[in-house]
Amino acid sequence: MRVSLRHHLRMRRADRLFLIIHALRGRRTALQARQLAGTLGVSLRTVYRDVADLQLSGVPIEGEAGVGYLLRKGSDIPPLMFTADELESLVVGTRFVRAFAGQKLAESAQAALLKIEAVLPAELRERATRTRIYAPIWRDQTKTDFAALIDRLNAAITDNQVLRLEYSDEAGRSSTREVEPLCLAFWGGAWTLGTWCRLRVGFRNFRPDRIAGCTITGERFEDVSGRNLDAYLQAMRGYYEGMEG
């Protein structure tokens, strides 16, 4: 019974978000929160919270409590064309990102899904909540710290930041490496950080769960042919094809 109640409440909220955007689409004057509340049969506080959530997720709503709300001119949200199976894959993907990625990616994935669900037809929103593929979230302090590390590594990749790693390999040997981080990969049970290692002058993979220290040096590296992401992926492809042969 408890699960059914949560399901019902979640669907009602998804319906509200859809109706709020639908009510604002194409308007030339601001729509008062009190009018929205009356139409939806909810409190003003609920409308304020729903609009704030939509704004945080990137829906271009302008205005504030007591003034009214409008969709930003020229940025109306187009209809989204998803099949039921496509939408289910997005929901499942979001659940896995929330469970295994860094906190920043997890929050962004959830915000993206909220934005998508808000403009979907009712039957597709209902299908999205029915998928039975889960990725349970359970984070103690160790897992929370690890999620923060994944966020730091991802940010360094995006910004081309050289990292100094204090690393222990599988045999327990410790070393200090300066690396140019190129990508992160999740293998279902463990993450790896793909890099150009300056000590070994070659591509190396490091497991984040074996990184004892991670420092941003302040140096940025260039996208150099032969040691960039394309070259890394080609080298890894050749390595694994060689193993299969």
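Let's start in a loop. Ile133 sits between helix H6 (122–130) and helix H7 (141–159). Phe96, Phe100 and Phe186 form one aromatic cluster with Trp191.

A word on confidence. This is a predicted model. The protein chain averages a pLDDT of 84, and 89% of the residues score at least 70. Be careful with residues 1–11, where pLDDT stays under 50. For that stretch the model has five contacts beyond four places in sequence.

Now the ring pairs. We describe a pair of aromatic rings by the distance of the centres and the angle of the planes. The count here is six aromatic pairs. Take Tyr167 and Phe206. Their ring centres are 4.9 Å apart and their planes stand at 85°, so this pair is edge-to-face. Tyr167 belongs to strand E3 (residues 161–168) and Phe206 to strand E6 (residues 202–206), so the pair ties together parts 39 residues apart in sequence. Tyr167 is buried, at 7% relative accessible area. Phe206 is buried too, at 3%.

Next, Phe203 and Tyr232. This aromatic pair is edge-to-face, 5.7 Å centre to centre, with 75° between the planes. Phe203 is in strand E6 and Tyr232 in helix H8 (residues 229–244), so the pair links parts 29 residues apart in sequence. Both Phe203 and Tyr232 are buried.

Methods. Residues numbered from 1 in each chain as written. Predicted model: local features only at pLDDT ≥ 70, side-chain atom pairs only at ≥ 80, totals over all residues. Heavy atoms only, no water. pLDDT = per-residue confidence, 0-100. Contact = heavy atoms within 4.5 Å. Helix = DSSP H or I, 4+ residues; strand = E, 2+ residues; numbered from the N terminus. Phe/Tyr/Trp six-rings, centres within 6.5 Å; stacked < 30°, edge-to-face > 60°. Buried < 20%, exposed > 50% of the residue type's maximum accessible area, 1.4 Å probe, protein only.
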